[in-house]
Every structure is written in C-alpha cells, then in structure tokens.
Amino acid sequence: MAKVFVFDHPLIQHKIAYIRDVKTGTKEFRELVDEVATLMAFEITRDLPLEEVEIETPVSKAKFKVLSGKKLGIIPILRAGIGMVDGILKLIPAAKVGHVGLYRDPQTLKPIEYYVKLPSDLAERECIVVDPMLATGGSAIEAIESIKKRGAVNIKFMCLIAAPEGVEALQKAHPDVDIFIAALDEKLDDHGYIVPGLGDAGDRLFGTK
C-alpha cells in the first residue's frame, strides 16, 4: 500500500493557512503556492541517490557526495498543477516537465482527459505528479493511469491539500504511488469540494471565476 506523508513543518503550516484565507489575492496566492511547492520538493527528494566524486577545494582534494544523476520528471495536472511547477524547479532545475490536461465533469465529477505531453524517456525518470488539490481523487487517479500507460513506473503524487476520501481512493487505485500532502483536511462536501479547503485552486491562481 502506498505511503502517505503529511507535512508538519511550521513554515508549510504557516503558508498553507494564508493560502486558505479568502482575503489572499491572486498575486499572494501564487507566491505562497510557489513557496510551499519549493518546501515540499525539499522533502520529496530526500531519497534521491548520491555518489561520491573528488572535488578540489581551495585547501585540498577530497571526496564529496553529489546527486548520481537520476532523471526526474514533473507532471502537473492542468491547469492548477502549473502553479506548483516553478517552485519545484527552483530546487531541481534539470527536471523535465510534462503535462496532463484533465477537466472534471460538473455532473458526474469524473475526470475527462483532453491533453497529454510527456518526456519521451518517461520510464527512466522518477515522476512527481502535482496538483494543488486531492479531492475525490479522480483527476490524480486518471493522470497517473495516463502516464503509466506511456511508460512511467516510478511515480509520486504531491498536493497541497487533500481530503481523506481522495487519499483512500488514490491508494486503492495506485497502491505503488506514495502520496505527499501539505495538509490533510476533514472531508468532501456534497459538491466534491474539500472542507475547509481553499476553494478552487485554479480560479485563485489565475484570477478566474
């Protein structure tokens, strides 16, 4: 079964609180999402493999550990997932970025795929699928299924806020995908929104209604 990591770092909790605030405007919302994504990326990359290399300092030569060159891929779920990409790239700028476009049918709440563009060497990469919200889990499940069909085998999912229902659904559908969450909320309401949540992440990122 997939592991679930809920972040308890004070900086993340602080920033998530202001992300939730209805008074937070578009500019500040974007900046906060970007900052939280960077902080989460620091932790989600904790198990990246290292190798020793010899480096000459101004004083002497010695062996030090550097990243072994494992390839990474960041796969945002459009459109809201785009808001998290730059924050991750600040730490791992060499990562390739793919995109999976999904929209949620307002009647059935089921995701419908409309766009996919991914790195060609997906099977060789550790893929981090990102979306600010994990509500019903439908979009995350569909996006991960989509990249698995195209060769991805090593996948993690990262979101800002999740509902227990979405976590359970994602674990059931993809037990091999670990889930990284900044905040785990109470429940979903009758419309499929996370409570207390933050509203519609896409609308708040891009200033749409």
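**Figure 1. Packing of helix 4 against helix 5 in the predicted model.** Helix 4 (residues 138-149) and helix 5 (residues 164-173) pack with their axes 9 Å apart and at an angle of about 25°. Helices (H or I, at least four residues) and strands (E, at least two) are DSSP runs numbered from the N terminus; axes are lines fitted to C-alpha atoms, for helices over the stretch in contact, and angles run from 0 to 180 degrees between N-to-C directions. Helix 4 is therefore roughly parallel to helix 5, where angles under 35 degrees count as roughly parallel, over 145 as roughly antiparallel, 65 to 115 as roughly perpendicular and the rest as oblique. The crossing of helix 4 with helix 5 is right-handed; a crossing is right-handed if the near helix is turned clockwise from the far one by less than a right angle, and left-handed if anticlockwise. Ala140, Ile141 and Ile144 of helix 4 meet Ala169, Leu170 and Ala173 of helix 5, contact meaning heavy atoms within 4.5 Å. This contact has six nonpolar, no polar and no charged residues (Ala, Val, Leu, Ile, Met, Phe, Trp, Tyr, Cys and Pro count as nonpolar, Asp, Glu, Lys and Arg as charged, and the others, Gly among them, as polar).

The model is predicted, with local features needing pLDDT of at least 70 and side-chain atom pairs counting only at pLDDT 80 or more, while totals for chains, interfaces and linings use all residues. Residues are numbered from 1 along each chain as its sequence is written, and side-chain values use heavy atoms, with hydrogens and water left out.

**Figure 2. Helix 1 and helix 2.** Helix 1 (residues 10-20) packs on helix 2 (residues 26-44) at an angle of about 155°, their axes being 10 Å apart. Helix 1 is therefore roughly antiparallel to helix 2. Their crossing is left-handed. Helix 1 contributes Leu11, Ile12, Lys15, Ile16, Tyr18 and Ile19 to the contact, and helix 2 contributes Phe29, Leu32, Val33, Glu35, Val36, Leu39 and Met40. By class, this contact has eleven nonpolar, no polar and two charged residues.

**Figure 3. Helix 2 and helix 3.** The axes of helix 2 and helix 3 cross at roughly 50° and come within 7 Å. The two helices are therefore oblique to each other, and helix 2 passes helix 3 in a right-handed crossing. The contact joins Val33, Asp34, Ala37, Thr38 and Ala41 of helix 2 with Gly83, Met84, Asp86, Gly87 and Ile88 of helix 3. Its residues divide into five nonpolar, three polar and two charged.

Figure 4. A pocket is an open set of points on a 1 Å grid over the protein atoms alone where a 1.4 Å probe fits, with protein on both sides within 12 Å along at least five of seven lines; lining residues have an atom within 4 Å of a point. Asp131 lies in the loop between strand 8 (126-130) and strand 9 (133-134). UniProt (unreviewed entry) also places the feature "binding site" at Ile194, Gly199, Asp200 and Ala201, and the lining of the largest pocket takes in these residues. Asp200 is found in the loop between strand 13 (194-195) and helix 6 (201-206).

**Figure 5. Two cis peptide bonds.** Most peptide bonds are trans. The bond from Leu78 to Arg79 is cis, with omega near 5°; Arg79 lies in the loop between strand 4 (72-78) and helix 3 (82-89). The bond from Val195 to Pro196 is also cis, with omega near 0°, and Pro196 is found in the loop between strand 13 and helix 6.

Terms used:
UniProt positions renumbered as here; feature names shortened; annotations may be inferred.
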